Amino acid sequence: MFLLSLVQRMVLDNQELILNRLKDIRKTSIRQMNQTRFYIVENSKSIVRVNLFVGGLPPQLSPEEYTNILKEELAIKSNVVSVSHVYQAQGAVVLEISCFSEAERIYMLVKDTTVNDKPLNAVVIPEVMASKIPQNCCPLLVFVNPKSGGLKGRDLLYSFRKLLNPHQVFELTNGGPLPGFHTFSKIPSFRVLVCGGDGTVGWVLGALEEIRHKLVCSEPSVAILPLGTGNDLGRVLRWGAGYSGEDPYSILVSVDEADDVLMDRWTILLDAEEPAEGAENGIAEPEPPKIVQMNNYCGLGIDAELSLDFHHAREEEPGKFNSRFHNKGVYVKVGLQKISHTRNLHKDIKLQVDQHEVELPSIEGLIFINIPSWGSGADLWGSESDNRFEKPRIDDGLLEVVGVTGVVHMGQVQGGFRSGIRIAQGSYFRVTLLKPIPVQVDGEPWIQAPGQIIISAAGPKVYLRAAKKKTE
């Protein structure tokens with residue numbers, strides 16, 4: 001006979017563990033413990049909360065202005081949608097949505113919406129409960145650029161999402177680094193792994209610099225899995241010349257065991273004095289100053305000219321640039337076409353280092369280097385001792401300035417037969433351009449109009465993770 005009066009029903013608290021309750025019952029009665037049954041019932045009163053990152057909006061607007069744009073473009077419903085976070089500098093917001101169907105509607109609509117001729121992007125982001133993370137735990141935030149390294153980036157994206165929680169692996173072509181940093185913003189300690197080329201690493205480090213004041217862990221260390229063509233920063237940090245199919249699990253182990261090192265970062269202010277054609281009535285207007293961040297190097301002249309030609313070739317036929325071997329072949333071809341050209345860069349620019357004028361030798365290229373690797377692993381500064389200069393380091397607050405005499409000289413440097421012409425070492429630089437000159441920063445090239453270029457230290461140094469030295 002079964003007596004209902006002997007049956008007791010209890011509901012566990014949200015924080016209570018089943019095993020702990022069972023142990024407490026056992027202290028009272030082993031028989032009662034053996035008769036205890038646990039059932040999981042869905043809580044019908046659960047709160048629906050979807051966090052949706054929306055990027056591509058106009059920058060530097062107020063929360064009210066962003067809300068008005070979203071109401072106009074996406075017809076969001078104020079009773080179930082609110083703006084929980086605003087990233088004004090990046091033109092992005094995080095929406096908190098309390099209705100699944102409304103979240104799905106907005107997500108699908110964003111993909112077909114443009115504001116000021118710029119497409120919006122949307123990423124559903126998880127809500128990480130930082131209080132649930134053990135104190136000694138340091139989660140890994142992974143960024144993957146699937147366009148780097150041919151198809152290797154895409155394969156790594158899938159591999160890391162299998163090995164780790166998929167919510168900690170972010171695809172950079174979908175919203176950039178900001179959704180990932182926002183997701184980890186409340187975590188007290190975490191590390192970052194960037195899978196991509198030097199340009200991708202610079203992208204992530206730039207985003208980190210912009211958002212670090214909103215992170216509880218404001219200085220996470222960053223590891224690199226090189227997927228690009230040059231991978232100079234990856235070489236310096238001992239991650240190798242490029243990913244060649246290593247086991248993704250072993251990569252995670254290497255990141256965990258790596259050493260933390262500091263690296264200087266630099267701000268470059270480009271202030272063109274030559275006016276650009278204005279849109280109204282043909283009135284000439286000066287170009288606004290432009291600020292970029294530099295991690296590796298900045299080149300003026302022939303170095304940047306080759307990068308610019310390579311960039312144009314890749315834009316014309318992007319499908320062919322899917323391997324490091326092909327990319328380097330294009331660089332060689334572009335360089336051969338430039339051998340017969342003569343440039344007198346030293347006559348077209350003026351250099352000031354730490355408030356002192358520096359006389360330039362006869363050169364075709366001027367390069368500011370922050371790391372001891374340039375042009376896919378070449379040592380541009382050289383290893384010879386020189387009483388005029390300090391021994392270069394990536395954390396000494398100094399940049400080295402080197403000149404090259406042309407394409408042949410650059411080829412000799414890359415072949416290890418020569419080094420560049422040492423010109424200066426300092427912490428503050430002013431370059432005056434007397435004519436339009438090709439400029440490249442960390443592999444991103446353009447033509448810079450006449451004016452001033454000022455290079456100075458950028459904020460705090462960044463923590464990077466250098467791979468352990470392999471024992472022979």
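Rings of Phe, Tyr and Trp, with the six-membered ring used for Trp, count as a pair if their centres lie within 6.5 Å; planes under 30 degrees apart are stacked, over 60 edge-to-face, and the rest tilted. By that rule, ring pairs link Phe143, Phe170 and Phe181 into a cluster.

Some notes on the source. This is a predicted model, in which local features need pLDDT of at least 70 and side-chain atom pairs count only at pLDDT 80 or more, while totals for chains, interfaces and linings use all residues. Residues are numbered from 1 along each chain as its sequence is written, and side-chain values use heavy atoms, with hydrogens and water left out.

Back to the rings. The search of the whole structure finds 5 aromatic pairs. In one of them, phenylalanine 184 and phenylalanine 190 have ring centres 5.3 Å apart and planes at 70°, so this pair is edge-to-face. Buried means under 20% relative accessible area, with exposed over 50% and partly exposed in between, for a 1.4 Å probe and protein chains only. Phenylalanine 184 is buried at 4%, and phenylalanine 190 is buried at 2%. Tryptophan 381 and phenylalanine 389 have ring centres 5.2 Å apart and planes at 75°, so they too are edge-to-face. Tryptophan 381 and phenylalanine 389 are both buried.

What lies over the face of tryptophan 446? Lysine 290 does, at 4.0 Å from the ring centre. The rule here is NZ of Lys or CZ of Arg within 6 Å of the ring centre and within 35 degrees of the ring normal.
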